[in-house]
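Here are a few friendly notes to read alongside the model. Take them one at a time, with the structure open beside you.

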Amino acid sequence: AYDNAENKTAALKRAMNEATKEFNDNQKALNYARDAANDYQRQLTEAEGKVDVLGEEIRKTNGYLQEAATSADGTATSIDRYGKEAGDAAGGTIGFSDAVDMLSHVLVASGVAKGVEKLKDIMVDCAKASIEFESAFAGVEKTVDGTDEELEILSDGIKNLATVIPLTTTELAKIAETAGQLGIAKEDILTFTEVVANLAATTDLSAEEAAVSLARIANITGLMTHEYSNFGSTLVDLGNNSAAFESEILEMTNRLAGTGSIVEATNAQLLGIATTLVSVGIEAEAGGTAFSTLLSNIELAVQTGSQKVQQYAQVAGMSAKEFSDAWRNDAIGAVAAFIEGLGDLDSQGESAIVVLNDMGITEKRLRDSVLKLTEAEGLLTENLKIANEAWSENNALTEEAEKRYETTESKITLAKTAINNLKITIGDELLEQFDGFIGKFTDLVTECHLHYTLSNAAVGNRPYGKSVSSLNSAVFAA
């Protein structure tokens, strides 16, 4: 035990000696750093004085450039005199970039550099966020014809939407740009953008697909601003309660919209029909054309009093007058009755194919589409009921969106957006202040380029190396 204690004591003495040596070394390093900081302070003071000298040289440069610009004959003489004086001055002064280097050394020695670097990064991030949104909103300004005040309201509205919808301000601005491009009124753009963004977040639709389709349908059917949400809710509810994706329903609705408007079908009814056609496996191009043709044929028969009205009415279980009245009051309800009537023919010992043939409905795509609808017994009527109820309740889109926005991923996106909005606000102020400097800097570089060009022209393409390079170093260091 005694031997062990003696060994430990010896080890502790060695450790103590090493610690003492390290302390002495650190003390020397601290004294060196203090001396270096004092030296850097002295160098900085000298650099400030030399920067003042450089400022005087630049003032002289402006005078010589002005003289060169106003007196073509004196150009060579003026530049030669400038080159000599600048060269003489360069022999006894340091460049601006050297002064900047000195300043950076002082900052490092004083421990300020890390804080300055952090501040620089923050300012750069803010400027980038502002520039990115400015570029995105430029697209909106291009497609939306509004006053500065109206555009500012729209800009603020997009930023506010980004705090409740997990899409970036850039993505929302793109939706608004598309809305303006497709003819959505400027006062309706924010409402339109909100509905499209919610659809993009809750369905299989991309923001661009939803925006383009909804805008086109609105232009065709006369969909009002306050009905955008109803439309979105109906689309979502039908997608949740059918064998059709929202993107398929919307594409089919787009193809039915033209003829549907002629027969005064509501947007809810068009969505219900589209859902049914997709659910029975009919593609948008074929189904849209076929069903539009059926609507056009019945409309023509009713409006002209054709004998074919009796055929449609008989299948629907009505008289010709009853069918005509039903068509004028609710065209989609009447055609649904016709479809359901065809489906009941088999139970009555008749053939739907034979009846359609007798009615002249022989075109393959039209006949196949109608037959598929009849085979899905009651589906059209059921989807029309769902569509009308969803339109009236107008809550499916909001409820679906709230579920999605409660996810952790959405909350993180919203938090990032809130931070980005703050960056944009700060960046806007920074860029407003920076804008004046950019103009002055551009003018300075232009003057330097002019001087360099005139020097070459005046002395046979012989640039004044040291004076010109000194000026260039000052400009680019700045």
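In which hand, left or right, does helix 12 pass helix 14? Keep that in mind while we set the ground rules. This is a predicted model, in which local features need pLDDT of at least 70 and side-chain atom pairs count only at pLDDT 80 or more, while totals for chains, interfaces and linings use all residues. Residues are numbered from 1 along each chain as its sequence is written, and side-chain values use heavy atoms, with hydrogens and water left out.

1. **Helix 12 and helix 14.** The crossing of helix 12 past helix 14 is left-handed; that word applies if the near helix is turned anticlockwise from the far one by less than a right angle, and right-handed applies if clockwise. Helices here are DSSP runs (H or I, at least four residues), numbered from the N terminus. Helix 12 covers residues 284–304 and helix 14 covers residues 320–329; their axes are 10 Å apart, at an angle of about 120°. Axes are lines fitted to C-alpha atoms, for helices over the stretch in contact, and angles run from 0 to 180 degrees between N-to-C directions. That angle makes helix 12 oblique to helix 14 (under 35 degrees is roughly parallel, over 145 roughly antiparallel, 65 to 115 roughly perpendicular, and the rest oblique).

2. **Who touches whom there.** From helix 12, L295, I298, E299 and V302 meet F323, S324, W327 and R328 of helix 14; contact means heavy atoms within 4.5 Å. By class, this contact has five nonpolar, one polar and two charged residues. Ala, Val, Leu, Ile, Met, Phe, Trp, Tyr, Cys and Pro count as nonpolar, Asp, Glu, Lys and Arg as charged, and the others, Gly among them, as polar.

3. **The core.** The largest nonpolar core has 98 residues, and W327, F338 and L342 are among those with the most contacts inside it. Such a core is a set of buried Ala, Val, Leu, Ile, Met, Phe, Trp, Tyr and Cys residues joined through side-chain atoms within 4.5 Å. L294 is also on that list of residues with the most contacts. Leaving out residues up to four places away in sequence, L294 touches Y312, V335, F338, I339, I361, L366 and V370.

4. **Helix 9 and helix 11.** The axes of helix 9 (residues 228–240) and helix 11 (residues 267–279) come within 10 Å and cross at roughly 20°, so helix 9 is roughly parallel to helix 11. This crossing is right-handed. F231, T234, L235 and L238 of helix 9 make the contact with N267, L271, G272 and T275 of helix 11.

5. **Helix 10 and helix 11.** These axes come within 8 Å and cross at roughly 125°, which means that helix 10 is oblique to helix 11. The crossing is right-handed.

6. **Two backbone angles to look at.** Most residues other than glycine have a negative phi. E264, although not a glycine, has a positive phi of about 60°, and E264 sits in the loop between helix 10 and helix 11. E264 is exposed, at 66% relative accessibility (buried is under 20% relative accessible area, exposed over 50%, partly exposed in between, with a 1.4 Å probe and protein chains only). N394 is not a glycine either, and has a positive phi of about 55°. N394 lies in the loop between helix 18 and helix 19 and is partly exposed at 26%.

Definitions and conventions. Helix = DSSP H or I, 4+ residues; strand = E, 2+ residues; numbered from the N terminus.
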